[in-house]
Amino acid sequence: MGKLAGKVAIITGGSRGMGRATVEVFTKEGARVIIADVLDAEGTALAQEMGDGAIYRHLDVSDERGWGDVARSAIDSFGRIDILVNNAAIFLYALIDETRSEAFRRLLDINVIGPYLGMKTVIPIMKKQRSGSIVNVSSTDGLRGSCGMGAYNASKWGVRGLTKCVAMEVGPFGIRVNSLHPGTVDTPMFNPHGLDRDALNASFGKQFPGVSLSRVGDPSEIARASLFLASDDASYVSGAELAVDGAWTCGVYLQEKPEPN
């Protein structure tokens, strides 16, 4: 029996990167999964690879009607919804005075409105079940500021704050809501040129020499953190923020003793 045996999960952005890894881990742990994404070819292929335990559904997370269709598909196919992983997101690097308002709004539509619509859609179902777990994937950039990433940081701080508010609202119904905060992870979003892991780690270590583990994360490491939050192992964890970042948000490690003034 896996940690998610008998449970049904919706995973957004499930076709690649951290989403794909989460689909693979959840399916292995016994869950039946709705892979929700806009990458139809990749999502369909992954569902076929996972077998009877997964189906793919096209979803633009900013589309409320699309969310309703995905939820109905989950109920029609598997009878219930136990877990929602709001993983889908887009990234934007630009100084704030160079950020186009249209780009800012689009990023918020995906990164904040998407999780909001997902929770709004599944919570009534989970309330009837008197149980459920929601994992909102934020970022270490939802725990601090980063130069040139105002729009992205705003969205990830928004996810973090929304998580805490909703956790308080739905706790009496047996529903848990937590935010997950990955550091830099080897995904197409952060490694668009497909550098091998050694090259990626070397680049990361050069850019951020003060980070404790001095390497990027593997998508499977984030997926296993989502597994913990989604499973009954975290039955008393709600409204929390879990950083999975190799100690990046702890602070700067001084490798040499500073000289006194």
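Predicted model: local features only at pLDDT ≥ 70, side-chain atom pairs only at ≥ 80, totals over all residues.
Ser139 is buried, because its relative accessibility is 5%, under the 20% cut-off. The residue sits in the loop between β5 and α5.

Ser203 belongs to helix α6. Its relative accessibility is 31%, so Ser203 counts as partly exposed. From the C-alpha atom of Ser203 to that of Val244 the separation is 19 Å, and the two residues are 41 residues apart along the chain. Val237 is found in the loop between α7 (219–230) and β7.

Two or more lining residues come from each of the elements α1 (17–28), β2 (32–37), α4 (101–129), α5 (150–170) and α6 (197–207). Of these, α6 gives the largest share, four residues. By residue class, the lining of the largest pocket divides into 26 nonpolar, 15 polar and eight charged residues. As a general point, empty space left between atoms is shown by rolling a probe the size of a water molecule over them.

Helix α4, another contributor to the pocket lining, can be checked for its length. It has 29 residues, and at 1.5 Å a residue it should span 42 Å; the C-alpha atoms at its ends are 41 Å apart, so the two values agree. The expected figure is 1.5 Å times one less than the number of residues. Within α4 there is a kink of about 40° at Ile113, shortly before the proline Pro115.

What follows α4 in the chain? The helix is followed by Arg130, whose phi is positive, near 60°. Arg130 is not a glycine, and its place is in the loop between α4 and β5 (132–137). In general, most residues other than glycine have a negative phi. Ala247 is a further case of a positive phi in a residue other than glycine, with a value near 75°. Ala247 lies in the segment after β7 (241–244). Its relative accessible area is 24%, and Ala247 is therefore partly exposed.

How many disulfides does the structure hold? The count is zero. Cys165 has a relative accessibility of 41%, so this residue counts as partly exposed. Cys250 reaches 70% relative accessibility and therefore counts as exposed. The cut-off that applies to Cys250 is 50%, because exposed means over that value.

Note on methods
Residues numbered from 1 in each chain as written. Heavy atoms only, no water. Nonpolar A, V, L, I, M, F, W, Y, C, P; charged D, E, K, R; others polar. Disulfide = S-S within 2.5 Å. Buried < 20%, exposed > 50% of the residue type's maximum accessible area, 1.4 Å probe, protein only. Bend = angle between axes of the 7 residues up to and from the residue.
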